[in-house]
Structures are given as C-alpha cells and as structure tokens.
Amino acid sequence: MALRDAVMAALLEGEASGYDLAKAFEASVANFWMATPQQIYRELERMEGEGLVAARLVEQERRPNKRLFSLTPAGLAAVRAHLTDRPSKPLALRDELLVKVQCLDVGDFDALDAVRDEIKERLERSVAKLARYERLRERLLDGRGEDEFWASAERVGPYLTLQAGLALERANVQWAETALARLEQRAGRR
C-alpha cells in the first residue's frame, strides 16, 4: 500500500486540509499507517497533479489561506480499484526495541537499565494511544452501543481499523508490563 492509498482513505471522511489530514493520521490513521506532515503535503501535491484530488482555496482572516482537498471521481475510482487490485502484503514488523531486547543478555547493567527505560517509554506511549483510541471509539459510537452502531452506521471501515489499533496497543501494553516484570525478577536474582 502506498501513502496515497492511506491519504485517499482518510479523505473518504470528507474534505480536509493537509493540516487536518496530518492530525487525522496522528489521531486515527496512525493505527495502520504512519506518515509525517511533510510526506502528506508532498503526496497531496502529486495526487492533485494526477487528478486524484481537487483543492479549493479558503481565505482566512488573521491566518494564512488554506487549501481543502477532496477526492475527485478519479480518486474515488482509484480507492475502489485499490480494494481489489492486488492482495495486501503481509504485515512486516521492524521493531528496533525488540532487536535490543533480543540482544539483552550480552549487555551489562547499564544496558539492562537503558532497555528497561525504553520499554517503560513504549508502555507510556501505548497507554496514551489507547486513551486517544478510546476517545475516538466513543466519538464513532456517538452514544450508541456496538449492536446499534453496526445496525445503523454508514461507514464501518474506520471502526474496524480502530479495533485493530486498539488490539495492537493493548498487546503492546500487556507485553511491556510483562517484560518489565520479568526483567525486574531477573535483576533481583543478580
């Protein structure tokens, strides 16, 4: 999947500025695709040149003017084509922290402390992400129970991807808590 596909998926929610899309990536799309604001702006320019998105200028007082992007019919066709064009690639996990954990046994006490600190940081980030994702879940449910949501929602894709993000962060929290507890036990034996 290319960044353009993730941008088009985000634009299914409606017209958005590059800034809005960057925030959307941070808040919700980040549970399945990471991109910097600069990458998003560059991709929007390319997509506009290819006719996949259209931009309109909104003049603002006391702020710079902004461009709002929306999918064109060609962009919507590209989204539809993406659904069936090829099988999705399997998830490729590249985790620098896990490489350090794998090598932990050859390090000294300073290395153990450094890795523990990184695991604690990951735990804190995952707890914070979980809180953001839970707030997003509440917004998507909009006071409805899940059964009512499934029966009445116009779009279920954002909720399903959110569920994947929640599951991933819950797994990160569980792993980090277990790893920290085991490393504490191990440190106590030395």
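**Salt bridges and cores**

Guide: The structure holds 16 salt bridges. Keep in mind that this is a predicted model.

Visitor: What makes the pair R155 and E13 a salt bridge?

Guide: A salt bridge needs a side-chain nitrogen of Lys or Arg within 4 Å of a carboxyl oxygen of Asp or Glu. For R155 and E13 the N to O value is 2.2 Å, so the pair qualifies. This pair links distant parts of the chain, with the two residues 142 residues apart. R155 sits in the loop between helix 7 and helix 8 (157-189), and E13 sits in the loop between helix 1 and strand 1 (16-17).

Visitor: Why is E13 called exposed, and why is R155 called partly exposed?

Guide: Exposed means over 50% relative accessible area, and partly exposed lies between that and the buried limit of 20%. E13 has 56%, so E13 is exposed. R155 has 35%, so R155 is partly exposed.

Visitor: How do you know that R116 and E184 form a salt bridge?

Guide: The closest N and O atoms of R116 and E184 are 3.3 Å apart. The limit is within 4 Å, so the pair counts as a salt bridge. It too links distant parts of the chain: R116 is in helix 6 and E184 is in helix 8, 68 residues apart.

Visitor: Is R116 buried or exposed?

Guide: R116 has 10% relative accessibility, and buried means under 20%, so R116 is buried.

Visitor: Which residues does R116 touch, not counting residues up to four places away in sequence?

Guide: R116 touches L180, L183, E184 and A187. E184 is also the salt-bridge partner of R116.

Visitor: What makes R137 and E146 a salt bridge, and why is R137 called buried?

Guide: The closest N and O atoms of R137 and E146 are 3.2 Å apart, and the limit is within 4 Å, so the pair is a salt bridge. R137 has a relative accessible area of 19%; buried means under 20%, so R137 is buried. E146 has 31%, so E146 is partly exposed.

Visitor: Which residues are linked in a network of salt bridges?

Guide: R4, E43, R46 and E50 are linked in this way. R4 and E43 turn up again where helix 1 meets helix 3.

Visitor: Why are helix 1 and helix 3 called roughly perpendicular?

Guide: Helix 1 (residues 3-11) and helix 3 (residues 37-49) pack at an angle of about 85°, with their axes 10 Å apart. Angles of 65 to 115 degrees count as roughly perpendicular, so these two helices are roughly perpendicular to each other. In the contact, L3, R4, V7 and M8 of helix 1 meet Q39, I40, E43, L44 and M47 of helix 3. The residues of this contact divide into six nonpolar, one polar and two charged.

Visitor: Which residues have the most contacts inside the largest nonpolar core?

Guide: They are V7, L11, L21, F25, I40, L44 and M47, in a core of 17 residues. Helix 1, helix 2 (18-27) and helix 3 each supply at least two residues of this core. Helix 1 gives the most, with six residues. Leaving aside neighbours within four places in sequence, M47 is in contact with R4, V7, M8, L52 and V53. There is also a second, separate core of 16 residues, which includes L123, L130, L166 and V173.

Visitor: Why is T72 called buried?

Guide: T72 has a relative accessible area of 14%, and buried means under 20%, so T72 is buried. T72 lies in the loop between strand 3 and helix 4 (73-84). Leaving aside neighbours within four places in sequence, T72 is in contact with G51, L52, V53 and A54.

Visitor: What makes R62 and D142 exposed?

Guide: Exposed means over 50%. R62 has 88% relative accessibility, so R62 is exposed. D142 has 61%, so D142 is exposed. R62 is in the loop between strand 2 (53-58) and strand 3 (66-71), and D142 is in the loop between helix 6 (109-141) and helix 7 (146-152). Phi of R62 is near 65°, a positive value in a residue other than glycine. Phi of D142 is near 50°, a positive value in a residue other than glycine.

Definitions and conventions:
Residues numbered from 1 in each chain as written. Predicted model: local features only at pLDDT ≥ 70, side-chain atom pairs only at ≥ 80, totals over all residues. Heavy atoms only, no water. Helix = DSSP H or I, 4+ residues; strand = E, 2+ residues; numbered from the N terminus. Buried < 20%, exposed > 50% of the residue type's maximum accessible area, 1.4 Å probe, protein only. Contact = heavy atoms within 4.5 Å. Axes fitted to C-alpha atoms, helices over the stretch in contact; angles between N-to-C directions. Parallel < 35°, antiparallel > 145°, perpendicular 65-115°, else oblique. Nonpolar A, V, L, I, M, F, W, Y, C, P; charged D, E, K, R; others polar. Core = buried A, V, L, I, M, F, W, Y, C linked by side-chain atoms within 4.5 Å.
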